[in-house]
Amino acid sequence: MNTHIYKRIVESVFDVKLDNKTRQLDHVVARSCYYYLCRNKLKLSLAAIAKTLNKNHATILYALREFDNILYSNPYYKSLFDKA
């Protein structure tokens, strides 16, 4: 499975475009889920994940550190992540 498939899955479940440069919570959480899947399922490096969405590796690192807090503090986003 490559990043394009994960990207399409996350975009369809969250109903957002991951490429949008916005700080809206739906987009932030969707991107974090995408980063998590790429890191833990595909075993990609931070730089490789960052390259797929034209981000910096530090952005990916921060999002992954905050992933559990975001996901488990909001049951709605947790249910969406479980669908992806």
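Let me begin with a term: by a helix I mean a DSSP run of H or I that is at least four residues long, and by a strand a run of E of at least two, with both numbered from the N terminus. On that reading, the protein chain in this predicted model has five helices and zero strands, and if you follow the sequence from one end to the other the pattern reads α-α-α-α-α.

Let me turn to the overall dimensions. The C-alpha atoms fill a box of roughly 30 × 25 × 25 Å along the principal axes. The radius of gyration is 11 Å, which agrees with the value near 12 Å that a compact globule of 84 residues would have. Of those 84 residues, 35% count as buried, and among the contacts between residues at least 6 apart in sequence, 48% join residues that are at least 24 apart.

As for the surface, the protein chain exposes about 5300 Å², and carbon and sulfur atoms supply 49% of that area. There are 14 positive and 7 negative side chains, and the centres of these two sets lie 7 Å apart.

Now to the interior. In soluble globular proteins, nonpolar side chains tend to be buried together. Here the largest nonpolar core has 23 residues, and the members that touch the most other members are Val10, Phe14, Leu18, Cys33, Tyr34 and Tyr35. The elements that give two or more residues to this core are helix H1 (3-14), helix H2 (25-40), helix H3 (46-52), helix H4 (57-73) and helix H5 (75-83), and H2 gives the most, with seven residues.

If we leave aside its neighbours within four places in sequence, Tyr35 is in contact with Ile49, Leu53, Lys55, Thr59, Ile60, Ala63 and Leu64.

Leu64 and Tyr36 are 28 residues apart in sequence, yet their C-alpha atoms are 6.4 Å apart in space.

Finally, a word on the backbone. Most residues other than glycine have a negative phi. Lys43, however, has a positive phi of about 60 degrees although it is not a glycine, and its place is in the loop between H2 and H3. Asn54 likewise has a positive phi, near 60 degrees, and is also a residue other than glycine; its place is in the loop between H3 and H4.

Why do these two count as exposed? For Lys43 the reason is a relative accessibility of 63%, and for Asn54 it is a relative accessibility of 62%, where the cut-off for exposed is over 50%.

Note on methods: Residues are numbered from 1 along each chain as its sequence is written. This is a predicted model: local features need pLDDT of at least 70, side-chain atom pairs count only at pLDDT 80 or more; totals for chains, interfaces and linings use all residues. Side-chain values use heavy atoms; hydrogens and water are left out. A nonpolar core is a set of buried Ala, Val, Leu, Ile, Met, Phe, Trp, Tyr and Cys residues joined through side-chain atoms within 4.5 Å. Buried means under 20% relative accessible area, exposed over 50%, partly exposed in between (1.4 Å probe, protein chains only). Contact means heavy atoms within 4.5 Å. The radius of gyration is taken over C-alpha atoms; the globule rule is 2.2 Å times the number of residues to the power 0.38. Accessible areas come from the Shrake-Rupley method with a 1.4 Å probe; for residues, only the protein chains shown count as cover. Lys and Arg count as positive and Asp and Glu as negative; His and the chain ends are not counted. The place of a charge is taken as NZ of Lys, CZ of Arg, CG of Asp or CD of Glu.
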